[in-house]
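Here are some notes to read alongside the model. Please keep the sequence open while you go through the points.

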Amino acid sequence: MRVYIILSFIVTYWYCIGALQLEFYPGILPDHQTGSRFNNTAWAVITQDPSERYLTYGPYTKAWNTTASSRVDFYLGVDSNVGDPWNLLTVDVNDADMDHILTSRNISRLDFGYGNIQPQIFSLYFTSTIGHQLEFRIFYHCCGKIVHYKTVVNELDGGRLADIFSGQAGLELVSSSVFPTPHGDPSSTAMWNVGTYIKPIDGRWYVFYREGFYAPTPDFCNGIVPLTRIAVRNSTDYGKTWSEPAAVALPGNSTFDNCAALDGAPFYDNETDTWHYLAQCIGNNRRWSLCHYSRSGRNPMSGLFVPNPRNPVVQGGQLWSRICSGTGKHCTLTMYDEGTPEIIQKLNGWFYITFHGWDGPNNKAARGIARTRDFVIYDVDGYDLPNDALFSPLDCNEWNITWNPKSLCVGGGEGSMVKSGDYFYHLIEAPDGTLNCDTTLGEQNWVLGLLRSPTLSARSGEWEQIHLNPAFKPAKKYGCGLQYHRVFRDGNDYFFSMFVIDFGVNNLTMKIWKVVPGKTSFPVIVGYP
């Protein structure tokens, strides 16, 4: 690391694995219009300080000598994160030579996950011109104590999945599995026991999945779904063998959940030593909702998760009606049915959750995103959210597939994301015809695409795609021929998993591949068994 004294402030920069990085400490920079030094190297404003001024501007650096996609992280803290929703700050990247703002975002009090001026990271993404002076600015609007601890600028790194994204890595099959109901007839129940989600922790893979027919289905559920619960098993050999199951979440006693809890995803919160599970639930009201379950402790097999007393935490259309409201959206107000939820991450105290939606009147599907602190109250338009669909027909209509000309690609259904380097990689299913499964051979395309973005605020049309989507295609053309796919991480290794189904023989298997050195030609053709 080299340190240069420039005028009266310190700038540090270094190269890390070939990537340029800059770091600025505002307390030793001269560029402020309000506030005062805090703890020697930080800068703070309080309510008595002048408002509507720059907390930090500058430093007019020319050291960012790259045209690569880049990220700036502002480390900020606030005294209180509850109260009014008004914007406290606006952060931006400004090209001072051109007097042009390259990117900007507003930050409200509610965007902070924690109070007590605890440092939290807010990021912006940009590209710039070599040799131009850059500013990384924070504009203070009003109404609170805010601390700016530091600013860090990095080139974006695609991580270990960057090679598979470009086809410059291989896939090694490590296991195949099915999950029959205990003490039942595997041939009659394994086709229902899918909906898997693999979560590695402490040297074990925990697979969460839906388990039907574990008890007689009540008459009032007939014609809806078989009685279904969430179960979990574990494996220590990459899924070659699995333990006996333990129940995670059971159908409840209310009309919204007395038939099934199924699909969805777990999340282990290290900060609170708590497991969360967000599932689809349905009862004899015949309406899909989302239900939340949780339990303390690191072992998810040590007892049932506790239903949230506020269940259902999301009712059909509750989030889509807000996401799709307004102009220029990639979804409509007839979008509903928040399903196949996945908890992507916890950042700044917020859980980020994706889910699919179905627009029956227009025969379109999409995937959206919201965030929550407590799994009860959800935000769809805050910092790092697109306030729009993440994925829509716009993203898949040009794939290398002969889509049904009457429908083309209807959009996206279930999706799975993992963070690799600075990017979120998104593996998502896309059918034609309908989002329902047409199991007649040759009638429906049902393929998986791979996209990526450094930010979850990217809208449909803004995600980068592999050179030739789709990434995975079933060997036989069946609707739902590939389903319940996941991309996940275990330590430094990355894996893809999915069920492949042959409806001609009425059987299926879950396959898991490890990303290894080599090459991959897309699409990968996946066949049973």
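1. Serine 453 is buried, with a relative accessible area of 3%. Buried here means under 20% relative accessible area, exposed means over 50%, and partly exposed lies in between (1.4 Å probe, protein chains only).

2. This is a predicted model, in which local features need pLDDT of at least 70 and side-chain atom pairs count only at pLDDT 80 or more, while totals for chains, interfaces and linings use all residues. Residues are numbered from 1 along each chain as its sequence is written, and side-chain values use heavy atoms, with hydrogens and water left out.

3. Serine 453 belongs to strand 30 (residues 446-453). Strands (E, at least two residues) are DSSP runs, numbered from the N terminus. A polar atom of the serine 453 side chain is 2.7 Å from the backbone oxygen of threonine 455. Not counting residues up to four places away in sequence, serine 453 touches Tyr423, Phe424, Ala458 and Trp463; contact means heavy atoms within 4.5 Å.

4. Two strands pair if DSSP finds at least two bridges between them.

5. Strand 33 runs antiparallel to strand 34 (residues 493-502), and 7 bridges join them. Glutamine 483 stands opposite phenylalanine 499 of strand 34. The two strands form a hairpin with 2 residues between them, and glycine 491 in the turn has a positive phi of about 65°.

6. The largest nonpolar core has 28 residues, of which Leu89 and Phe136 touch the most other members. Such a core is a set of buried Ala, Val, Leu, Ile, Met, Phe, Trp, Tyr and Cys residues joined through side-chain atoms within 4.5 Å. Strands that give two or more residues to this core include strand 9 (87-95) and strand 12 (134-140). Another core, of 25 residues, lies apart from it; Ala471, Tyr494, Phe496 and Trp513 are among its members.

Terms used. Helices (H or I, at least four residues) and strands (E, at least two) are DSSP runs, numbered from the N terminus. A polar contact is a pair of N or O atoms within 3.5 Å; within protein, one must be able to donate a hydrogen and the other to accept it, and residues adjacent in sequence count only if both atoms are side-chain atoms.
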